[in-house]
Amino acid sequence: MKKVKEKKEENKVNFDLSTLTLEELVEVYENIKIFIDYLEESKIEIEEKGKENE
């Protein structure tokens, strides 16, 4: 039973940003910025019904 718990612990991701160096934090920021820019560029415009007729 203990081996199963240990296996689950190995698969967890640590989101504690305080353990990162400044260089790593900058890299994370840049990756997030790239991702947000990608989402912004690939945004799909949704047409609302009725607005075309106005």
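**View 1. Two salt bridges are counted in this predicted model.** One of them joins Lys33 to Asp37, and another brings together the side chains of Glu40 and Lys43. Side chains of opposite charge can pair when their charged atoms come close. The next two views take these pairs one at a time.

**View 2. Lys33 and Asp37 pair within helix H2.** In this salt bridge, the closest N and O atoms lie 3.4 Å apart. The two residues are separated by about one helical turn, because they sit four residues apart in helix H2. How exposed is each partner? Lys33 has a relative accessible area of 41%, so this lysine counts as partly exposed. Asp37 is partly exposed too, with a relative accessible area of 33%.

**View 3. Glu40 meets Lys43 in a salt bridge.** Here the N to O distance is 3.0 Å. If you are looking at the lysine, note that Lys43 is partly exposed; its relative accessible area is 49%.

View 4. Glu23 is a handy place to begin, as a residue of helix H2, which covers residues 22-41. Why does Glu23 count as exposed? Its relative accessibility is 67%, and the cut-off for exposed is over 50%.

**View 5. A nonpolar patch also lies on the surface.** Val28, Ile32, Phe35, Ile36, Tyr38 and Leu39 form this patch, and together they have about 580 Å² of accessible area.

**View 6. The whole chain gives the setting for the close-ups.** The protein chain has two helices and zero strands. How many of its residues count as buried? Of the 54 residues, the share is 0%, where buried means under 20% relative accessible area. The accessible surface of the chain comes to about 6200 Å², and carbon and sulfur atoms account for 57% of that surface.

Key:
Residues numbered from 1 in each chain as written. Predicted model: local features only at pLDDT ≥ 70, side-chain atom pairs only at ≥ 80, totals over all residues. Heavy atoms only, no water. Buried < 20%, exposed > 50% of the residue type's maximum accessible area, 1.4 Å probe, protein only. Areas by Shrake-Rupley, 256 points an atom, 1.4 Å probe, with all protein chains shown as cover. Patch = residues over 30% accessible without salt bridge, like charges linked within 9 Å, V, L, I, M, F, W, Y side chains within 5 Å. Salt bridge = Lys/Arg side-chain N within 4 Å of Asp/Glu carboxyl O.
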